[in-house]
Amino acid sequence: MVAVSPVAKALRPGSVVSRPRLVLLGPGLANLQAMRSLGAVADLTLISEGTRHTYSGMLPGVLAGQHSAQSATIDLQALATKTGSELFQAGALRVDAAASVVELKDGVRVPYDFLSINIGAGLRGDGLPGIREEATLIKPLALAPARLFAALPPLVVAGGGLGALELAIVLHWRTGGPTTLVSAGAGGLASNMVTAAREELAAAGVTLRAPARVVAAEPGFAVLDDGTRLPMATLVWAPGPRAPELLAQSGLGVDDEGYLRVDATLRSLSHSNIFGAGDCVSVEGFPDLPKSGVFSIRAGPTLVANLGAALRGEHVVKEFKPPVQPLQLMNLGDGRALGTWKGRVFRGRAAMHFKEWIDRRWISQYPVTAS
């Protein structure tokens, strides 16, 4: 007998659904926590682009050869099977909030009673001249390992956040060739972390061009905002986040940059049955909150608690309170890590062991792809 999924039943005319339908739009780190936790109170559906999700915190370690790509990749189909959820792999085209339906790229319409959006963000500036043709884009993350394994020197890395810093130094060690980091800003990093990271870049032999921006790419060259043409075989594009177009195109309440506006409970300010977390949202009261995976993980418990309350018909009261000075850890590619916490900087092999412990503990909660 072939099992029929809850959503498939819901798509049939005249069908009756005894439990609320929770659709998780995007395999972000907060939504995955909800997927693990809320199967007892709702029929769960995950909408994703494909069946795999690369954990960004472990990507530099994969490139440094510290662990395999498979060990850093969550098997979404296995997770769906384990949690009794339905997985749609086509990706979303838009949200029809008036009808409480997510329209997929393959034409399927997925109904929901509650929707949680955790789709991450796009890449700022990916529409600049030559970028999509000549650059190695770090998103979608599922494709990033294979793309970056193919990187050749001379390297130019565009971006100023923690991820760009890590990629610059790890890829420099990996390729052994000249590497230039082009940075327009610190990307939410603490000032002492920026200073220490620049010291490590210099010691490793990575050239820093800052403040500067890559404004175009040509075959063999990255073009900077001052007209400089940097020779490159690989341009790694990691310049920071851009709000997903899907949100504004769906008529959801967004801020001036296009991010989904949510209150401190992570509930949409425009639609009470929609929640959101991670890089795609703007949290009321925290306008300067960095778009970082660490905050998506930290938002998970709040999202799970409030979605659970909403699904049970209870009041949504738990508020997300991001740390003022969160722990920041940077893989240095040589067996060491650099970190800062509560204003103090630390570095070394012990810091790397700490980072590995945190990453492995988190991903151990999920099935990873077979090696």
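**Ground rules.** The model is predicted, so I note that local features need pLDDT of at least 70 and side-chain atom pairs count only at pLDDT 80 or more, while totals for chains, interfaces and linings use all residues. Residues are numbered from 1 along each chain as its sequence is written, and side-chain values use heavy atoms, with hydrogens and water left out.

**Strand β18.** I looked up residues 234-237, which form strand β18. Strands here are DSSP runs of E with at least two residues, helices are runs of H or I with at least four, and both are numbered from the N terminus. In a regular strand the side chains alternate between the two faces of the sheet. In β18, Thr 234 and Val 236 lie on one side, Leu 235 and Trp 237 on the other. I find all four buried (under 20% relative accessible area, with exposed being over 50% and partly exposed in between, for a 1.4 Å probe and protein chains only).

**Partners of β18.** Two strands pair if DSSP finds at least two bridges between them. I find β11 (residues 135-137) paired with β18 in the parallel sense over three bridges; Ala 135 stands opposite Leu 235. Strand β12 (residues 155-158) is also parallel to β18, with four bridges, and Val 157 stands opposite Val 236.

**Helix α2 against α10.** I took α2 (residues 29-37) and α10 (residues 293-311) next; their axes come within 7 Å and cross at roughly 35°. Axes are lines fitted to C-alpha atoms, for helices over the stretch in contact, and angles run from 0 to 180 degrees between N-to-C directions. The α2 residues that meet α10 include Leu 29, Ala 30 and Ser 37; contact means heavy atoms within 4.5 Å. By class I note eight nonpolar, six polar and no charged residues (nonpolar: Ala, Val, Leu, Ile, Met, Phe, Trp, Tyr, Cys and Pro; charged: Asp, Glu, Lys and Arg; polar: the others, Gly among them).

**Helix α2 against α4.** The axes of α2 and α4 (residues 76-83) are 9 Å apart, at an angle of about 30°. The two helices are therefore roughly parallel to each other (under 35 degrees; over 145 is roughly antiparallel, 65 to 115 roughly perpendicular, the rest oblique). Leu 32, Met 35 and Arg 36 in α2 meet Leu 76, Leu 79, Ala 80 and Thr 83 in α4. I note five nonpolar, one polar and one charged residues in this contact.

**Thr 302.** Is Thr 302 buried or exposed? Thr 302, found in α10, counts as buried because its relative accessibility is 4%. Leaving out residues up to four places away in sequence, Thr 302 touches Ala 264, Thr 265, Leu 266, Lys 318, Glu 319 and Phe 320.
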